[in-house]
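User: Hi! Could you walk me through the charged side-chain contacts in this one? I'd like to go pair by pair.

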Amino acid sequence: MRTFTLETSLWLPQPVDRVFSFFADAANLETLTPPWLHFKILTPLPIEVAAGTRIDYRLRYRGFPLRWQTEILAWEPPHRFVDGQIKGPYRRWVHEHVFVEQDGGTLATDFVEYALLGGALTNALLIGRDIERIFDYRRQRLMGIFGDTDEERQ
């Protein structure tokens, strides 16, 4: 199974505790997901997030309705958590979120490893670009929520 990766970092001018708290509230997933995905959390809110928590979602991708379930695989407030797909459209999806205090703010980094049916061709033609679009939208929303800044640090 061929896997693909995405890594993106964004410096936010807020303390790590505040940034992590935002991500710890599962309801904020809808805020960070582009409207064109019609993303909806199905698990009743509020969700107490911890290692082992499972969350169910519904979305539409290119007109196709999809169900997705993820599980929190690691939970280390306020510095890191990992979610992984249990059921959904990918053959593999593991998303690590890392939060590091840096220069009076927080460096938020996402590491995503995924695999899909159709492998490299499907990734090149559709999925890879769409994942980048999703994370670009997320970046814009986070900058709006935590303070507009053009400063990205690696």
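User: Is Arg 133 buried, exposed or partly exposed?
Analyst: Arg 133 counts as partly exposed, because its relative accessibility is 42%, between the cut-offs of 20% and 50%. Keep in mind that this is a predicted model.

User: Which residue does Arg 133 form a salt bridge with?
Analyst: That would be Asp 130, with the closest N and O atoms 3.2 Å apart. Both sit in helix H3, three residues apart, so about one helical turn separates them.

User: And what about Asp 130, buried or exposed?
Analyst: Buried: Asp 130 has a relative accessibility of 4%.

User: Which salt bridge links Asp 130 to Arg 62, I mean at what distance?
Analyst: Their side chains meet at 2.9 Å, N to O. Arg 62 lies in the loop between E3 and E4 while Asp 130 is in helix H3 (residues 119-146), so this pair ties together parts 68 residues apart in sequence. Arg 62 itself is partly exposed, at 48%.

User: Which residues end up in one network, then?
Analyst: Arg 62, Asp 130 and Arg 133, joined by salt bridges that share partners.

User: Switching topic: what does Arg 54 pair with?
Analyst: Arg 54 makes a salt bridge with Glu 71, at 3.1 Å from N to O. The two are 17 residues apart, with Arg 54 in strand E3 (residues 54-61) and Glu 71 in strand E4 (residues 64-76).

User: Where do those two stand on accessibility?
Analyst: Arg 54 is partly exposed at 43% relative accessible area, whereas Glu 71 is buried at 17%.

User: Last one: how many salt bridges are there?
Analyst: The count comes to seven.

Definitions and conventions
Residues are numbered from 1 along each chain as its sequence is written. This is a predicted model: local features need pLDDT of at least 70, side-chain atom pairs count only at pLDDT 80 or more; totals for chains, interfaces and linings use all residues. Side-chain values use heavy atoms; hydrogens and water are left out. A salt bridge is a side-chain nitrogen of Lys or Arg within 4 Å of a carboxyl oxygen of Asp or Glu. Helices (H or I, at least four residues) and strands (E, at least two) are DSSP runs, numbered from the N terminus. Buried means under 20% relative accessible area, exposed over 50%, partly exposed in between (1.4 Å probe, protein chains only).
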